[in-house]
Amino acid sequence: MAQHGHSEACCSVPPSKHDYKEKGSYFEIDGMKTYKTGPSTATSAILIIYDIFGFSPQTLQGADILAHADDEHHQYQVFVPDLFYGKPADHSWYPPDTKEKGEKLGAFFQGPAAPAKTAEKIPKIVKEIEEKTGGTIKKWGGLGMCWGGKIISMTSTDRTVFSTVAEVHPAMVDPKDAEGITVPICVLASGDEDKEAVAGFEKNLKVKNHVETYHDQVHGWMAARGDLKDEKVRKEYERGYKKLLDF
């Protein structure tokens, strides 16, 4: 079993090194450094809940893709709040093959990365973004990566701030969560996720959905673990983001 309900891959695969110069800028939301990208006039927005490694280059590149790849047909403002306040999971904890590494990782999941504590913040974050962007945003989508996928499941129930959501290589997949989701959802799983859990999640969804598994990709390929120097990974990374835009 993986530690603290996290997927085995999430607890064992280290992040990939990748260089990327982001197109957006940063501002503060609820005391958090927040990445923003996309045209400020766009009336639709996407909130990205990143994985446990925080502002990885692959995540910021993904935000830029969502903000700019479909400018001709639909424009988005995209926001990535730093939910860990500058202290994401340390790369040195991976793989957690010693008692000390395991304890540090466990403390992180029970502390800064506790799902319930994070989920409570989301409505306030969205409200403050709306206020600081002058009221231009009329509709929200939510995207959760790995750990962030669990947060999306928890915040897509009754009275959700989102009109559409997505989860990519989600961690802690629980079929019971699917029963409470009230908005359309796209789930892109990797070959590392628990296949039975993903199938059960899809079966229990009562809303419009698209659930697809990228069998030859590792957990995290669209975020911090995506080795974009590998052509096959890069193509599947791009295909994944295109699928999100098409959904």
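A nonpolar core is a set of buried Ala, Val, Leu, Ile, Met, Phe, Trp, Tyr and Cys residues joined through side-chain atoms within 4.5 Å. In this predicted model, the largest such core has 71 residues, and Trp147 and Leu244 touch the most other members. In soluble globular proteins, nonpolar side chains tend to be buried together.

Leu244 belongs to the set of residues through which helix α7 meets helix α1. Apart from neighbours within four places in sequence, Leu244 is in contact with Leu66, Leu143, Ala166, Val168, Cys186, Leu188 and Met222. Of these partners, Leu66 is itself one of the α1 residues that meet α7.

Helix α1 covers residues 57–68 and helix α7 covers residues 231–246; their axes come within 10 Å and cross at roughly 40°. That angle makes α1 oblique to α7, and the crossing is right-handed. An α-helix has 3.6 residues a turn, so residues three or four places apart point the same way.

Helix α4, residues 147–154, is mostly covered, with seven of its eight residues buried. The buried residues are Trp147, Gly148, Gly149, Lys150, Ile151, Ile152 and Ser153. Both strands and helices take part in covering them: the elements include β3 (44–49), β5 (139–145) and β6 (164–168), together with α3, α5 (175–178) and α6 (195–204).

Helix α3, one of the elements that cover α4, spans residues 115–132 and contains Val126. Because its relative accessibility is 3%, Val126 counts as buried, the limit being under 20%. Beyond neighbours within four places in sequence, Val126 is in contact with Leu47, Trp140 and Val161. The C-alpha atom of Val126 is separated by 24 Å from that of Gln110, which is 16 residues away along the chain. In the loop between α3 and β5 lies Thr133. Thr133 also counts as buried, because its relative accessibility of 17% is under the 20% limit. Leaving aside neighbours within four places in sequence, Thr133 is in contact with Gln77 and Phe79.

Most residues other than glycine have a negative phi, and most peptide bonds are trans. Against this background, the peptide bond from Tyr94 to Pro95 is cis, with omega near -10°. Pro95 is found in the loop between β4 (76–81) and α2 (99–110). Tyr85 lies in the loop between β4 and α2 as well, and its phi is near 50°, a positive value in a residue other than glycine. A positive phi near 50° also occurs at Asp30, in the loop between β1 (25–29) and β2 (32–37).

Methods: Residues are numbered from 1 along each chain as its sequence is written. This is a predicted model: local features need pLDDT of at least 70, side-chain atom pairs count only at pLDDT 80 or more; totals for chains, interfaces and linings use all residues. Side-chain values use heavy atoms; hydrogens and water are left out. Buried means under 20% relative accessible area, exposed over 50%, partly exposed in between (1.4 Å probe, protein chains only). Contact means heavy atoms within 4.5 Å. Axes are lines fitted to C-alpha atoms, for helices over the stretch in contact, and angles run from 0 to 180 degrees between N-to-C directions. Helices (H or I, at least four residues) and strands (E, at least two) are DSSP runs, numbered from the N terminus. Angles under 35 degrees count as roughly parallel, over 145 as roughly antiparallel, 65 to 115 as roughly perpendicular and the rest as oblique. A crossing is left-handed if the near helix is turned anticlockwise from the far one by less than a right angle, and right-handed if clockwise.
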